[in-house]
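Hi,

Here is the structure I said I would pass on. Have a look at it first, and then read my notes below.

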Amino acid sequence: MSIALAVQLTVKVFKFPCCTGKKMNNSGLLTAKRNPVPLKSIEVELQVRDHVATVVSTLNYENKEDKPVEAVFVFPLPGDAAVCHFSAKVGQTHIVAEVKEKQQAREEYDDALSSGQQAFLLEESDQSPDIFSLSVGSLPPGESASIRLEYVTELAVQADDGLRFCLPAVLNPRYQPQGSEDVSVQVTSVPASLVPYSLSFSARVSSPRPVSKVESSCSLEPLQHLNTDQTQAMVKLAAGHKFDRDVELLIYYKDAHQPTAVVEAGQASAKPGTLMGDPVVMLSLYPEFPKSVMSSLTSCGEFVFLMDRSGSMDYRMRNGQSRIDSAKDTLLLLLKSLPMGCYFNIYSFGYRFEQIFPKSVEYNQQTMQEALKKVEMMFSDLGGTEILRPLEDIYSKPCIISHPRQLFVFTDGEVRNTKEVIDLVKKNAGSHRCFSFGIGEGVSSALINGMAKEGGGHAQFITRTDRMQPKVMQSLKFALHPFVADISVAWDLPKGVSATLLSPPVSALFQGQRSLIYAQLTGKSSKEAEGSVTVKYSLAGQPSQNQLHFNLKPAEDTGLTIHRLGARALIRSLEMEERKICNRDKTKVVQLSVQSGVSSSFTAFIAVNKTNSQAIQGPLVRRNVPTASLNYHYAPLKSKGSANLVSPRSQDIFASLRSNGRPKPGKQYDYAALMPDDRARRGIQYDYAALIPDDRARSESENTYEQLRSGRCATSSDEKCYSTLRSSELKRSSLCDQSSHTLVSGSVCFTTAPSQKGKSATGQFSQMKKKLFDWLKTPKTSLDTENAAKFQPTEWDVHTKLAGAVPTQSYRDPLLQLVSLQEASGCWLLNAALAAIVEKNIEDMTRSKPAKVSEEVWATVLALVWLYGFKISAKEEWDLLALKAALWLHPQDAPFAECVEAGNSLLGCSVQKDDLGL
C-alpha cells in the first residue's frame, strides 16, 4: 500500500542526506544520523474485481536498537480510498484496531505509551484526505511487528478505456499557503535512491470480461492468465523498485465499460435498517448520447485556463519535457482549438497570480496572438502554490450571458489546504464546470479528483511518459459538447423496497465516461426480484434518458467492499456539509465511521496490546522513516549527445539548497558532480552556504528563511524578507582568488551583487546558477578547452529564466510548428513557414495550387492532408483544430476533390476527401 510512502515527520533526522557523503551500512538500514530504520519491507497485494480494487499492505518492522522506539510515518493514499482495516501482529499476538473519535483515539494511544504498553494509531490528515499518519508505539529492543492496512477504491476510466490504479510511492512536500493554519504533519523526504526499505507488489485481476492486457509505469513480470477464458490474471512488480515513481497499473478488458449493477448483502451481525445491515447497490453507468448531438460542437462558452507556475513545474517529466514546457505546448493546442466567438482568459499562479486579460475577452486572431505571446513568457518562476487566491478571483468575475464558464486547472497539486480549495469549487459549482489535470508523480489525487467532482467536470493525471496534450484535448471535447442539464435518477423497485442514495447527486455526464451511484436498499424482496434505475437529463434542449435493469439477488464473494465504498461516499458528503455550515457537531460522521469501520477526518484507528502484562522499560525514542520525493531532482543538463552532465546527486544538492534546508555557514561540500568533465571536476568545492541568510540575518525575522526557500518573496511589500536577503552576499571561500572568478587550488568562488528592492529570492538564486553555468562553459585550462567545445548545453532548465529576458518559444515538434501557424479562424496561410514544415519549397507549393483556388484554401487543405498523412497517430491531439479548419473550408467555393488530389501528389500521401470532413 502506499505506505511505501512513509514520510519522515521531523526535519532533524534527514538534513541534506545528499550532502553528508554517508552511505548505507551493509549490516542494516540507517538514517542520516546512523540510527537504524525500523521499517524493513512493505508487501502489497492488490485484488481487482472489475473496476473496484482492494489493497492490502503489510509493513514489517524490527527494532535493532537497545531501547524501545516509536515509529511515526506519513504516507499518501488515493484521495477516494476507504480505509477499512488496521491491525498489528507482535509475536503471536494479533491486535485488531477499532475506529474511534480522533481525540479519544489519540488520548488512548498516549495513555498506553505512558503506561508502558504497545499501541498503534492510524489517522487521516485534517487538511487533505489523501495523507495518513501511522504511529507504531513502544516497539521493544529486538522486537518485530507486522502492520496490516486495507483499503478499497474505485478505478478511474482513462481516455483509452483503460482502468487506472495508482499506488502512491511519492509524497512531495506540500506547500503551506501564507496565513493558513499550520498542521502538525510536516512532510520531509529523501531522494528515491535513499529510500531505506523494499517494496513487493502483486496484483490479481478478475472480471466477467477477458483481461486483455496490463500496463505499468514500472517494470512488471509477464502477465499470467489463470484460466482459459482469460477472465482472471496475475501480475507482479519486478524486483528492485526504485521509488522514483508511483506504481501505476492500466488494466484493459475486452468489450469493457458496459453498464452494470452489483447488489451486496448486508452484514449478518448488523441491525436491519442500518447502512451495514441492509443491502447496498452500486450502479456503473456509461451514458450513450445520440451521434447527431455529439457530432456538433458548441461555439459558445467562457474558457478560463489556470496554470501552475510554482517552482516544481520546472521538473522534467519522464517523456523528457519539463512540466511547464508541456503545459505551454498544451495551451497552444487549446488556444488554436477554441471556436470563434467564445470568450477566454489565462491565469497563472505561484505565490501570487497573474492574468493575461483583466477579464475574459472574445476569441479572435488579435486576442489569440496576444495570449500566445504571453504564454511564451511563462516560466515556473512564481514560487509557491497559492491556488486558492486565483480561484477566488475567477469566481468573483461575473459570468457572461449565454457563455457557460469552463475552468481548466493545471497543477502538480502539492498544497496543504486541499479541503478549502475543494469547498470553494463546490460553492461555485452552479456557475461553471471544472476540469482538472494533475501533472507528475506525487500529485495530490484528493485535490485533482475533488475539484473535478465538485465542479461537475473531469479529472486527468499526466504521469510516466504520458503526453499531456491528448488527455487535455479529450477534456476540451467534453467541454465543447452540449451541456447535460437537469440530471435526475428514478428507481423502479419491487413493492416494499426503497432506495436511499449514499453518493452525492449526479452532477455531470460525459459520453463514454462512467458515473457511479451507491444506494442503500431498505425492505425485503424475493431473491429473483428485479429493479431498474433510469437516469433522466436534458441534452441540447431535448429530454433524454438511459435505463439499467438489475437483479436484486446479492452477488457472491464481494465481502463488504460496496458497503464501505458507499459509506465512504456518504462520509465525504457529510464532512463537506459540516465544513460548509461551520458546524462542529461531528456526531453523524463519527457514528457512521464507527458503524462502517471506514476512516474519516474526525475518527482514527486505535489498537492497544493489553496482553503483555509487563510494562516496556526505558525511555521511548522516536524514529522517522523517509518517503521518496521527486522534488529533489531538477532537470539535468544535456550535451549535444544527450548525455547527462549533471548527476542525480548534484540534482539533489541543487534541490536541497532550494527546498529542504540549508548547509552550515562556512562549510564546504563536494559539488564536483556539477562539472562537465570528470578530469576537470575532481575535488572542486563550493561554499554554497552563503547563499542562505546567515544566523544573524535570520534572527531579524524568524520565518524569513522559510519564506525565501518556498518562493514567497514575490512582491516588494515584504521588506523583512528582502532586507534579510540583501544583507547576505555569497561569502568567498578562502581558496578563491578575490580578484577574479577563477579556479584556485581546486576550488571556485562566485559572488552575487546586492539584491535590488523587489528582487525575488528566486531571481537571486537564478543569477547565481547562471554564473555557475557560464563558468562551466568557459575553458579554465588547456585541458578544459577541448571539453568546453563539446559542452554546449541547449537549455539551462534549473530555474534560470532571468527577469526581463525575452524568450523565444521554438516548437521543435513539426506538429506543434504547424499548429502554431493556424489562424484563429481555422485556416492556414501559404508562406515559407508552412513550406518548411511540409518540407517543400514555396515555389513548388504555389505551382501545385489548383486554378481559381485561393492561397488560404490551398494552404489549409495542404495542412489537413499533411496531418492525416503523417500525424494520424496523434489525431486525438489535433482533431478539434482540424474540424475547425474543415468548418472554415465548407463555405468556401472551391473544388475540394481536386485540391485534395493535388495535395496528395505534392506531399506523397493518399488521403481521401471524406477523411478531411469535406
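**Aromatic pairs and a helix contact**

Phe165 and Phe201 are both buried. Keep in mind that this is a predicted model. The two rings form a stacked aromatic pair, with 6.3 Å from centre to centre and 20° between the planes. Phe165 sits in strand β11 (residues 163–167) and Phe201 in strand β13 (residues 198–206), so their pairing ties together parts that are 36 residues apart in sequence.

Now try Trp866 and Phe870, another aromatic pair, but a tilted one: 6.2 Å centre to centre, with 45° between the planes. They are 4 residues apart in helix α22 (residues 855–870), which means about one helical turn separates them.

In total, the structure holds 15 aromatic pairs. There's also an aromatic cluster, made up of Phe305, Phe408, Phe410, Phe435, Phe437, Phe478 and Phe510.

On to the helices. The axes of α10 (residues 561–580) and α11 (residues 587–596) come within 10 Å and cross at roughly 165°. Angles over 145° count as roughly antiparallel, so that is how α10 and α11 run relative to each other. Their crossing is left-handed. On the α10 side, the contact residues include Leu570, Ile571 and Leu574, and on the α11 side they include Val589 and Leu592. Sorted by class, this contact has 6 nonpolar, 2 polar and 3 charged residues.

Cheers

Technical notes:
Residues are numbered from 1 along each chain as its sequence is written. This is a predicted model: local features need pLDDT of at least 70, side-chain atom pairs count only at pLDDT 80 or more; totals for chains, interfaces and linings use all residues. Side-chain values use heavy atoms; hydrogens and water are left out. Axes are lines fitted to C-alpha atoms, for helices over the stretch in contact, and angles run from 0 to 180 degrees between N-to-C directions. Helices (H or I, at least four residues) and strands (E, at least two) are DSSP runs, numbered from the N terminus. Angles under 35 degrees count as roughly parallel, over 145 as roughly antiparallel, 65 to 115 as roughly perpendicular and the rest as oblique. A crossing is left-handed if the near helix is turned anticlockwise from the far one by less than a right angle, and right-handed if clockwise. Contact means heavy atoms within 4.5 Å. Ala, Val, Leu, Ile, Met, Phe, Trp, Tyr, Cys and Pro count as nonpolar, Asp, Glu, Lys and Arg as charged, and the others, Gly among them, as polar. Rings of Phe, Tyr and Trp (its six-membered ring) pair if their centres lie within 6.5 Å; planes under 30 degrees apart count as stacked, over 60 as edge-to-face and the rest as tilted. Buried means under 20% relative accessible area, exposed over 50%, partly exposed in between (1.4 Å probe, protein chains only).
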